[in-house]
Amino acid sequence: MPLELAETSDPGAADQEYLWTLNFGPQHPATHTTLRLVLTLDGENVVDAAPHIGYLHSGFEKLGEYLDFNQYVTIVDRMNYISPIANELSWHHTVEKLLGIEITPRCKYVRTILGELMRIHDHLLNVGAVALDLGAFTAFLYAFTQRERIYDIAEYASGQRFHSSYTRVGGVLFDVNNDWAEKVRQFVEGFKPVHAELHRLLTRNRIFIDRTKGIGVLTAEDAINMSVTGPLARASGVVRDLRKDEPYLAYPDLDFKIVCARGGDCYSRYVVRMQEMQESLKIIEQAVENIPAGPINVDAVTDITLPAKPAVYRSIEGLIQHFEVLMPNRGYPVPLDEGYGATESPNGELGFYIVGDGTTRAYRARTRPPSFIHFAIFPHLIRGHTLSDVVAVLGSLNIIAAELDR
Amino acid sequence: MADLITTLLTIAVAVGAILTTVAYLILLERKLSAWMQDRRGPNRVGPFGVFQPLADGLKFLIKEDVIPARADKVMFLAAPCIGLLTTLLAFAVVPFGPVNDQPAYLRFIIAPHVDIGIVFIFAVTSLAVYGVILGGWASNNKYSALGSLRASAQVISYEIPLGMSVLGVALLGGTLNLENVVAAQAQGGFWQWYIWTQPLAALIFFTSALAEANRLPFDLSECEQELVGGYHTEYSAMKFALFFLGEYTHVITMSFLTVILFFGGWHFPWIATPGSAYVGAWLVKVLVLLSKVFSVIVFIMLIRWTIPRFRFDQLMNLSWKALIPLSLANMIAVMTVRQFGWNRWWLLPISIGLFCFVGIIGVSAKRAEIRHRHGASQGAGLHPLGGAGI
């Protein structure tokens with residue numbers, strides 16, 4: 001049964017020497033990536049927590065100023081490596097917004113399908129990890145088996161399982177074919193029973209409910225004030241989803257709902273994620289049956305995507321365009337402008353802010369990572385709970401360290 | 001002299017068999033969890049991984065043995081020994097076969113005719129927590145200390161329902177001697193098994209036994225995701241292996257006790273009864289007992305890989321608010337039935353009634369608490385599942 005929030009006094013006071021400082025991470029089984037929490041404990045109760053970042057710092061944003069828009073996608077992949085293609089979508093969504101490119105309908109649909117697959121991918125890991133942190137190992141592995149299927153789909157499309165680097169400015173790396181669509185259909189069919197099984201294992205499990213309900217409550221007001229987005233905000237009753245609010249890709253054509261809850265606790269976040277997977281399946285089912293025919297890249301109208309191979313081999317125009325795109329000192333014109341674009345990534349609003357300086361490299365490529373903001377609210381959520389709740393709350397926030405330290 | 005040799009041989013065989021069984025139980029657990037989780041499990045060492053325990057044992061022996069700086073060396077070394085010794089010692093009075101009708105040179109209990117058998121077991125197994133507490137305290141590590149603190153509170157809380165649930169059986173059988181407990185059940189046949197008249201006590205005993213043995217959902221003292229390794233965080237090599245052996249031995253002992261106290265020991269209708277006179281009947285009885293124990297162990301493993309773990313305050317609540325009152329009420333019921341000489345079958349409806357009564361109280365208390373909490377805090381008015389249609 002959930003704890004009443006314990007009375008805790010000011011941790012800075014001099015008579016508080018009995019408090020323990022516990023270093024939770026950076027190497028700890030429950031901090032699934034390299035992050036560190038310095039907890040102040042009163043017995044089992046957490047008096048205060050200080051989240052630390054910087055253990056995975058690799059200068060991603062600086063690299064964004066040296067790599068061109070297509071090369072940087074490989075770096076973006078590695079930010080939230082739980083759902084790589086969702087990051088690529090966001091990056092190229094922003095770049096295309098800056099360049100004023102309207103991608104082809106086919107590309108929109110393919111990107112939508114992959115984006116939703118990544119949402120399932122991410123939520124599966126998170127639901128599994130929450131269960132694992134609470135001791136239910138089996139649910140975790142059930143989730144992981146399905147993630148393998150999604151890797152297979154990403155590999156079929158791009159040739160790379162994990163860091164697919166699939167999208168390009170104005171299109172994607174390779175076109176998809178019917179076999180790929182068939183694979184997606186098979187996944188959707190195979191995933192439904194597993195989803196039901198996860199529900200049976202966890203959703204009405206007494207221990208699981210006791211461990212998560214009323215734990216780490218985030219009110220709607222706090223969620224807005226602390227700019228929390230994504231499933232966390234929706235679990236607190238904030239109705240915000242960029243897929244509906246600022247429609248992009250093929251989402252306006254598709255029928256789906258936004259999942260919200262009002263509890264704001266770990267359990268609500270879990271339920272929102274589980275239901276979002278169901279909605280994602282609905283989106284995928286609709287999209288995969290309606291992939292429009294036609295070109296996947298915008299090469300017919302602009303010269304910023306690589307031309308089709310026959311055009312490169314058989315016409316001088318195609319060959320010239322190929323080299324124009326690839327050569328470092330050529331490229332295509334980029335407006336001297338700045339722009340912010342954001343998509344609804346599985347974790348929340350993932351945005352990029354690009355300042356263009358006329359070349360195909362960004363002058364500044366700032367990321368708005370959802371994890372960074374969600375990690376910052378952690379002390380607010382955990383104060384007064386017990387040490388056991390740390391893992392439940394941390395798991396429900398789904399923090400990816402690579403995204404913290406861009 | 002012959003008696004001494006028999007005793008020593010029995011000890012050697014029993015301890016050897018337990019330790020080997022533990023090694024293979026670990027393999028079984030890994031295989032079973034793999035089967036539950038659509039994996040393959042260990043399959044590299046030998047066919048189906050049957051030599052995996054040998055490889056693991058070898059690895060434990062040749063790994064570097066680290067004693068952390070500023071640890072209390074004596075305690076640090078003593079703790080795993082205490083842990084294993086006490087659990088093995090408890091096995092002295094556990095009959096692992098029939099005690100009368102086997103050949104004279106065989107004995108299926110290390111210390112026969114101990115009239116305080118049940119008391120002895122509780123006295124000794126509760127000492128096992130000293131290994132945990134000392135190990136956690138001596139490690140000079142905050143995670144270990146937290147783990148051992150949890151373990152001490154947990155074991156003390158669960159000793160009480162464990163002991164009181166057994167008292168019902170002791171009162172019914174009129175004996176604390178485990179051999180006689182089995183004999184009493186075997187004499188009366190299948191319907192005399194104490195599970196029929198003491199189902200509630202069996203449930204409480206089994207739950208508390210899981211907590212005593214630090215098995216999920218009660219493995220708070222070593223839960224990996226919170227305390228890294230709990231009390232054995234700093235232990236490595238053979239010292240860690242001793243803790244591990246102690247834990248599994250505890251599981252075996254508790255499974256034996258469950259079977260002996262509630263499931264008729266070596267007795268099984270038609271196959272193994274006190275009247276069985278065919279050749280090798282004693283062997284059949286041993287096999288019956290061992291297969292029952294095996295089933296209990298497998299059940300414990302299935303539990304481990306299915307459900308999540310409790311939080312510490314929930315663990316305490318379960319013990320103090322549910323198990324202890326229930327076991328007390330159950331004991332009073334047995335006393336009443338014995339005192340007035342009523343039919344023992346009255347105990348079955350009483351057990352079920354008690355279970356339902358406490359269950360209803362628990363559920364309504366939960367409901368009231370949720371109502372209270374939702375009234376108090378705004379923004380949490382709706383059940384997250386409301387209308388979601390799961």
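Begin at the boundary of chain A and chain B, where the rule finds 11 residue pairs in polar contact, both residues at pLDDT 80 or more (a pair of N or O atoms within 3.5 Å; within protein, one must be able to donate a hydrogen and the other to accept it, and residues adjacent in sequence count only if both atoms are side-chain atoms). This is a predicted model, in which local features need pLDDT of at least 70, side-chain atom pairs count only at pLDDT 80 or more, and totals for chains, interfaces and linings use all residues. Residues are numbered from 1 along each chain as its sequence is written, chains are lettered from A and ligands numbered from 1 in the order in which they are written, and side-chain values use heavy atoms, with hydrogens and water left out.

Next, within chain A, select A:E116 and A:R119, which form a salt bridge with the closest N and O atoms 3.1 Å apart. A:E116 is buried at a relative accessible area of 0%, and A:R119 is buried at 2% (buried means under 20% relative accessible area, exposed over 50%, partly exposed in between, with a 1.4 Å probe and protein chains only).

Then select A:K192 and A:E285, joined by a salt bridge whose closest N and O atoms are 2.6 Å apart. A:K192 is partly exposed, with a relative accessible area of 34%, and A:E285 is partly exposed, at 30%.

Technical notes: A salt bridge is a side-chain nitrogen of Lys or Arg within 4 Å of a carboxyl oxygen of Asp or Glu.
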